[in-house]
Amino acid sequence: MLGKRTESKPQGFTWRANINNLEVEGPPSAGAFQERPSRPTMFRQFYERRDLPIALVHGSEGNSIAWKVEIEKLDYHHYLPLFFDGLCETTHPYEFFARQGIHDMLEHGGPKILPVIPQLIIPIKNALNTRNHLVMCNTLKVLQHLVMSGDKVGEALVPYFRQILTVFNIFKNVRINRGDGIDYSQGKREIIGDLIQETLEMFERYGGEGAFLNIKYMVPTYESCMIK
C-alpha cells in the first residue's frame with residue numbers, strides 16, 4: 001500500500017522570503033562612454049623616423065612648431081591626412097605636433113584643403129571613436145577650424161555626417177565635472193557637450209541647404225541655429 005505523498009518544506013526559510021530577498025541585477029553597461037584604446041598611428045612612425053618636416057621649439061610663451069619647409073609648398077594629400085591620423089595620440093610630443101601641425105596647415109592651406117577632405121574622414125572617425133576626453137576635444141576644435149578653412153569645405157563634409165556624427169549623438173549632453181565641485185575645463189573649452197553643440201552649429205551654417213536635415217537624422221535632439 002502506497003503511503004500518502006507529502007511535500008517537504010524548506011528548512012529555515014520560506015519560499016516567499018527567498019523571493020523577497022532575491023537581488024535582481026540590471027543589464028550590463030553597454031560601454032558607450034568607455035574609453036577605447038587606439039592603434040599605433042602612422043603619424044608616430046613617421047615622426048620617429050624623422051620623416052616629418054617639423055621640429056619642436058621651446059619659447060618663453062610655450063612650445064611651438066618650426067617647419068623645415070614653407071607650409072604652402074607641402075603636399076597636402078600626403079601630410080594633412082597623416083597629421084589627422086595623429087589626433088589619436090595622447091602623449092607628448094606626438095599629441096602636440098599633430099594638433100598644432102593641423103592648425104598650421106589649415107591656416108595656410110587655402111584651396112589645397114578641399115580635395116583632401118575624403119582622406120580625412122577615417123582619421124576623424126578613428127579619433128572620435130577613442131572616446132578619450134582629450135582626443136575628442138582636440139578633434140572637435142580641429143573640425144571647427146576645418147569647416148572655416150576654405151570655400152565649400154563645410155558642404156564637402158555633409159556626405160560624411162553618418163560616419164562622423166554617431167559619436168556626437170552619444171556625447172552631446174555630456175558635461176564632465178572633475179569631481180572637486182568646480183569644473184575648470186569650461187575656461188579651456190574642454191567640455192565635450194559644449195564643443196559638440198558649437199561644432200554642429202558650424203556644420204549647419206557652412207554645410208549648405210541639406211546640412212540641417214543630415215544633422216537632424218544623426219542627432220535627433222539637435223535644433224537648428226538658423227531659425228530666429
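Some ground rules. In this predicted model local features need pLDDT of at least 70 and side-chain atom pairs count only at pLDDT 80 or more, while totals for chains, interfaces and linings use all residues. Residues are numbered from 1 along each chain as its sequence is written, and side-chain values use heavy atoms, with hydrogens and water left out.

I start with the core. A nonpolar core here is a set of buried Ala, Val, Leu, Ile, Met, Phe, Trp, Tyr and Cys residues joined through side-chain atoms within 4.5 Å. Buried means under 20% relative accessible area, exposed over 50%, and partly exposed in between, with a 1.4 Å probe and protein chains only. The largest nonpolar core has 59 residues, and Leu146, Leu165, Phe168 and Phe203 touch the most other members. Helix 6, residues 133-147, gives the most to this core, with 8 residues. Helices (H or I, at least four residues) and strands (E, at least two) are DSSP runs, numbered from the N terminus.

Next, helix 8, residues 161-171. Its buried residues include Leu165 and Phe168.

Now the hairpin. Strand 1 (54-59) and strand 2 (62-67) pair in the antiparallel sense over 6 bridges; pairing requires at least two DSSP bridges. Between the two strands are 2 residues.

Last, Tyr47, in helix 2. Tyr47 counts as partly exposed because its relative accessibility is 26%.
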